[in-house]
Structures are given as structure tokens and as C-alpha cells.
Amino acid sequence: GQVGKDGYRHYMEKELHEHPVAIGQTLQRITDPASKTIALPKMPFDPAQVPRVTITACGSAFYAGMVGRYWLESLARVPVEIDVASEMRYRDAPQPDKGVALLISQSGETADTLGVLRSLKKAGQSIVSVLNVEHSTMGRESDLVLGMVAGPEISVASTKAFTAQLSVLAALSIDFARARGTIDKTREETLTASLLDLPSRAAEVFTRVEAIQEMARIVAEARDVLYLGRGICTPIAFEGALKLKEISYIHAEAYAAGELKHGPISLIDRTVPVVAIAPSTILFDKTLSNLQEAKARGGRILAFTDAAGAKRLEGVAEHVVILPDVDAFVAPILYAIPVQILAYEVALLKGTDVDQPRNLAKSVTVE
Ligand code: G6P
């Protein structure tokens with residue numbers, strides 16, 4: 001039947017509030033309740049024998065895939081190739097024997113992603129799809145579907161499907177790592193526990209909305225915004241910039257913070273706010289020094305961080321949003337939420353058509 005807004009102003013606002021449930025339901029489907037371990041369906045191949053995983057997607061799903069690459073490489077020690085579908089489709093890249101193609105799509109109908117599915121299948125790759133709509137064209141043509149349980153997503157800009165995609169990819173990385181013998185039992189338990197704890201941490205993000213609104217007032221004044229992240233949070237900077245562009249029509253660019261000095265630093269002045277995705281993980285000091293460089297050039301630093309990070313950012317950041325402490329492993333999932341809320345709050349201030357932004361379609365079924 002028809003999905004309502006349940007009293008929210010926009011579908012996007014409702015769907016943002018559904019992040020905790022989408023993550024929780026998705027994980028529930030792929031967790032064994034008794035042992036609290038990840039229990040994915042059996043793969044149609046042996047993960048220990050996989051020479052390479054090729055990840056392909058479009059839009060936000062592509063950024064989820066970028067996070068997936070960090071996880072699969074670092075935890076499961078499997079080489080990963082990744083590209084947007086419209087490029088992968090025509091690259092004519094060599095495919096390894098016994099390789100796996102991992103497609104990510106909310107709708108399961110995006111033309112370019114489907115095109116890649118078909119060509120990589122022809123090239124002999126096992127096809128695994130991470131989908132929200134499982135009874136979709138991609139669902140039917142895959143060797144294995146890993147379902148998200150995000151529920152219908154109406155807002156054109158993706159929200160809860162993104163964190164649900166990440167939840168599946170995190171679980172898949174743990175599953176691969178176990179099969180490949182690249183993590184020990186203790187580490188597996190720690191990672192799984194941090195994942196299963198996420199719905200509660202995600203719900204806590206909504207107690208920070210006022211601080212995000214304050215940040216939104218600064219961003220809404222800007223013509224250009226720079227988003228920075230490092231390591232596993234770089235894709236979250238990309239997601240933040242994409243969401244801001246899509247629904248507020250403010251130009252935003254995302255960079256891996258270490259690249260700042262190779263170009264974008266020349267853009268920085270008082271009028272270009274810098275939004276940092278900066279949990280206090282192993283790369284925090286590096287991000288901090290990148291932000292100090294930006295501040296020294298007159299940049300206004302706005303940061304998403306945790307309590308420890310906020311202390312270190314005193315005197316550097318003009319405004320911080322302090323998020324719950326989480327294991328670095330799940331930080332990209334948690335930090336995606338406030339970054340999307342920021343775009344929503346800016347769009348409200350700009351008065352744009354949040355659920356139906358101009359020129360965009362929910363699912364792009366033509367090339
Ligand atoms: C469109 C939407 C994006 C979405 C992308 C991929 O561009 O506006 O929000 O991320 O398609 O869609 P898919 O259904 O394949 O995840």
C-alpha cells in the first residue's frame with residue numbers, strides 16, 4: 001500500500017529517522033541470535049579462493065562500496081577493484097578466474113549497474129548483489145542476493161538504504177575474513193558486537209540535531225563547501241557532498257583530506273566552509289593537521305567528531321557535532337547519519353523540494 005509520512009514534513013525526514021531500524025532489521029536477518037555471530041547465506045563459491053572482488057554501483061551506493069573496499073581489504077585481505085557503473089561498463093577490464101562481482105543497489109533497477117552485472121556474469125564472475133528491492137531485475141539475475149531490510153525508500157536522495165548497505169557490507173567483510181582465516185575469534189567478536197550495538201548508537205545521533213542545525217546555518221550561507229575525510233571515512237565525505245548538492249543545490253566537493261594540499265586548498269577562504277568527518281581513529285592526527293592547514297588559510301572548520309576528537313579540535317574547529325563513541329570499524333556507518341541530516345537541514349533553510357529535487361530520479365533505469 002501507500003507509504004505515508006507518519007507526521008514528518010518530508011519522506012526524507014521520516015527515512016532519516018528510520019536509520020536505526022533499517023540497520024537493526026538488516027543485521028537481524030544476517031545474525032545468529034543465539035551465538036550473536038554473523039550468519040550470511042552460504043556463498044555460491046569459497047571465499048577463501050576468491051582472488052579479487054569487483055565492486056560496482058552508482059551514487060550513494062557507490063560510496064557504500066568504497067567503504068566496503070576498505071573493510072574487505074583490511075579485514076579479509078582480499079584485493080578489491082571498484083568503479084562507478086557507468087565507467088566499469090565500458091572499461092573492458094580483465095576479470096580473474098573465480099572472481100566475484102559485488103553490485104550494490106537500493107532499487108536493483110539502475111541501468112548502468114545492471115549492465116555491469118550482465119557483462120561481468122559473461123566474464124565468468126560470480127554475481128553477488130546487495131539490494132533493498134530483492135524482487136528486482138538485478139535480484140533475478142544474481143547468483144546470490146544479500147538483502148537489506150531498509151523498507152521502502154521514497155525520498156529521491158538515499159538515506160537509510162545507505163546505512164543498510166553498509167551494514168551488509170560490514171557483515172560480508174567479517175564473513176570473508178572468517179572464511180579466509182584473516183581475523184581471530186576475539187577480533188571477530190569485537191567487530192560483531194560493535195555492529196550489533198549500532199542501532200542504539202544511531203538512535204543517539206538524533207539527540208544531536210540542534211548542533212547539526214547550528215552547523216546547517218553556516219553551510220546554508222555558502223556557495224561552495226568542501227567535505228574532508230580520511231581512510232574509511234573518506235567515502236562519508238563524498239556522501240555528504242553528494243547529498244548537499246542533490247537537495248540544497250549548494251556546490252560541494254569531497255576530498256581525501258591528504259589531497260587538500262594538492263589542489264583544493266587554493267579554494268579556501270572565509271566563504272568556503274570545510275566540513276570534516278573526523279572520528280578520533282588512527283588517522284585523526286593526520287586529519288587534524290590537514291584541518292590546521294585549512295584554518296591557517298582562513299577556512300572555517302566544521303567537524304563531526306567524538307568527545308576525544310572535540311577536545312583536540314578546540315581552537316581549530318569553529319563548530320563541532322559530538323557523536324557517540326564507536327569502534328573505528330563502524331564509524332563510517334554512524335557518521336553517515338549526521339552528514340545526511342546536515343544536508344536535510346540545509347535544504348530546509350534553502351526551501352528546496354527536499355523529496356523531489358529538480359532533475360533527479362529515484363532510480364535511473366536508462367543509460
Ligand atoms: C539515483 C538516486 C541516488 C542513488 C542512485 C543509485 O541517482 O538519486 O540516491 O544512490 O540512483 O540508485 P540505486 O537504486 O542503484 O541504489
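The exercises below concern a predicted model and are each followed by a worked solution.

Residues are numbered from 1 along each chain as its sequence is written. In this predicted model, local features need pLDDT of at least 70 and side-chain atom pairs count only at pLDDT 80 or more, while totals for chains, interfaces and linings use all residues.

**Exercise 1. The ligand shell**

Determine which residues come nearest to the ligand, and how the shell divides into nonpolar, polar and charged residues.

*Solution.* Step one is the criterion: a residue is near a molecule if its C-beta atom, placed from the backbone, lies within 6 Å of it. Around the ligand there are 16 residues, of which Gly59, Ser105, Gln106, Ser107 and Thr110 come nearest. Step two is the class of each residue. Ala, Val, Leu, Ile, Met, Phe, Trp, Tyr, Cys and Pro count as nonpolar, Asp, Glu, Lys and Arg as charged, and the others, Gly among them, as polar. On this basis the shell holds six nonpolar, nine polar and one charged residue. Step three is the origin of the residues: helix H3 (residues 59-76) supplies three, the largest share. Helices (H or I, at least four residues) and strands (E, at least two) are DSSP runs, numbered from the N terminus.

**Exercise 2. Strand S10 and its partners**

Identify the strands that pair with S10 (residues 274-277) and the sense of each pairing.

*Solution.* Two strands pair if DSSP finds at least two bridges between them. First, strand S8 (residues 224-229) is parallel to S10 over three bridges, with tyrosine 227 partnered by valine 275 of S10. Second, four bridges join S10 to strand S11 (residues 301-305), again in parallel; here isoleucine 277 has phenylalanine 304 of S11 as its bridge partner. Third, the side chains: Val274 and Ala276 point one way from S10, Val275 and Ile277 point the other way, and all are buried. A residue is buried if 20 or more other C-beta atoms lie within 10 Å of its own, exposed if 12 or fewer, and partly exposed in between, with C-beta atoms placed from the backbone.

**Exercise 3. The loop between H4 and S5**

Is aspartate 92 buried or exposed, and where does this residue lie?

*Solution.* Aspartate 92 lies in the loop between helix H4 (85-91) and strand S5 (100-105). Aspartate 92 counts as exposed because it has 9 C-beta neighbours inside 10 Å. Its phi is positive, about 55°, although aspartate 92 is not a glycine. Lysine 98 is also found in the loop between H4 and S5, and has a positive phi of about 65°. With 14 other C-beta atoms within 10 Å, lysine 98 is partly exposed.
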